[in-house]
Amino acid sequence: MPPVKPMLAKPVARIPPGMQYEAKWDGFRAIVFRDGADLEIGSRTGKPLTRYFPELVEALRERLPERCVLDGEVVIARDGRLDFDALTERIHPAESRVRTLAERTPASFVAFDLLALGDEALLDAPLTDRRARLTEALDGVTAPVHLAPATTDPELAREWFEQYEGAGLDGVIAKPLDLRYRQNERLMFKIKHERTADCVVAGYRFHKSGPIVGSLLLGLYDDGGTLQHVGVCAAFSMQRRAELVEELEPLRMESVEGHPWAAWTEESAHQTSRMPGAPSRWSGKKDLSWVPLRPDRVCEVAYDHMEGGQRFRHTARFRTWRPDRTPDSCTFTQLEEPVRYDLADVLR
């Protein structure tokens, strides 16, 4: 019975040998519970996602075994690749808006583990047994429900790692063959792409613990010469956070006036350019204020991939300052664009 917390993965640098390999999906991790007509989609935190995906509820009732619990990912595809932004739009308080989006950008469910079937709990069964039971249970299943591709061939996994990024996926998951399912434990392995980019540091937010740096706000110049906000980097020790306040003090501006993101408080400004503090259902009552800096300093960051080619999908990791780079040289053209790959070919 819900809630069940999903088993997690820890990052490693290379694809380990002797395991089962799957693509790493870029969606909402979800545990699906079905008991006859009753169906619930639980999130990674245990909160229900059911009301946000009415089209999936109907499809899952039609396609899943009568009584089962599945682990998988809710995804939305657009133009042959995963679209995480379209997925986040679904988390909306208005039911009418949710149903409109369900028709416009319908979601899919990709199943990759089976936790229970009928009266049988499978948490203590090894992965190989669970995968065999899952494959049998979903034999002949049709869209929008999919069985995640899996292989024990590391060479094929390396091909997937290179190819599938072009369809919006962000790496490979490796699972030990005898792995039992353990909630909220990092017993799997994830291998993600890592690239670097030189970005303009144009501001920072304070840490929740006090007047020290919480995250640096990063920007890149577009073709029109506008500095676009592309994300943040935030992994610093507490000592380093305090040092950064002093280090960046000479660049600190008295006010946001004259800054490239001066209009950040105006909702309409976010429709034509990217800047920090965009209205978001995820931010809630979070303080989105920030300290403006003269955009004169460049740092190198590591990132996994870009969302829509416009922003870092996850928090970037600070590597080093780049005094040899000028801010105006930090443009989107430096970013590596993965070769396109059709998501339909992944699911096929």
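In which sense do strand β2 and β11 pair, and over how many bridges? They pair in the antiparallel sense, over 2 bridges. This is a predicted model.

**The mixed sheet**

- 5 strands make up this open sheet, in the order β1-β13-β12-β2-β11.
- The pairing in this sheet is mixed.
- β1 (8–11) and β11 (150–151) are the edge strands. Each of these strands pairs on one side only.
- Strand β2 covers residues 19–23.
- Helix α5 (residues 154–163) lies across β2, β11, β12 (172–176) and β13 (186–191). The helix runs at about 20° to β2.

**The antiparallel sheet**

- Another open sheet has 5 strands, in the order β16-β15-β14-β17-β20. Its pairing is antiparallel.
- β16 (227–233) and β20 stand at the edges. Each has a single partner strand, so one side of each is left without a neighbour in the sheet.
- Neighbouring strands here are turned by 50° against each other on average, direction ignored.
- Strand β17 (residues 291–303) runs antiparallel to β20, and 4 bridges join the two.
- Cys299 has a bridge partner in β20, namely Trp321.
- Helix α6 (residues 238–248) lies across β14, β15 (210–221), β17 and β20. The angle between α6 and β15 is about 65°.

**Salt bridges**

- The model has 29 salt bridges.
- Arg325 forms one of them with Asp198, and their closest N and O atoms are 2.5 Å apart.
- This pair links distant parts of the chain, 127 residues apart. Asp198 sits in strand β14 (residues 195–207). Arg325 sits in the loop between β20 (317–321) and α7 (343–347).
- Asp198 is buried, with a relative accessible area of 6%. Arg325 is partly exposed, at 24%.
- Glu247 and Arg240 form another salt bridge, with closest N and O atoms 2.8 Å apart. Glu247 is partly exposed, with a relative accessible area of 26%. Arg240 is also partly exposed, at 23%.
- The side chains of Glu307 and Arg313 meet in a salt bridge too, at 3.9 Å from N to O. Both residues are buried.
- One network joins Asp198, Glu300, Arg322, Asp324 and Arg325 through salt bridges that share partners.

**Cysteines**

- How many disulfides does the count give? The count is 0.
- Cys233 is in no disulfide. Its nearest cysteine sulfur belongs to Cys299 and is 4.8 Å away.
- Cys233 counts as buried, at 0% relative accessibility.
- For Cys330, the closest cysteine sulfur is in Cys199. The distance is 6.7 Å, which is too far for a bond.
- Cys330 also counts as buried, at 0% relative accessibility.

Methods: Residues are numbered from 1 along each chain as its sequence is written. This is a predicted model: local features need pLDDT of at least 70, side-chain atom pairs count only at pLDDT 80 or more; totals for chains, interfaces and linings use all residues. Side-chain values use heavy atoms; hydrogens and water are left out. A salt bridge is a side-chain nitrogen of Lys or Arg within 4 Å of a carboxyl oxygen of Asp or Glu. Buried means under 20% relative accessible area, exposed over 50%, partly exposed in between (1.4 Å probe, protein chains only). Two strands pair if DSSP finds at least two bridges between them. Contact means heavy atoms within 4.5 Å. Axes are lines fitted to C-alpha atoms, for helices over the stretch in contact, and angles run from 0 to 180 degrees between N-to-C directions. A disulfide is a pair of cysteine sulfur atoms within 2.5 Å.
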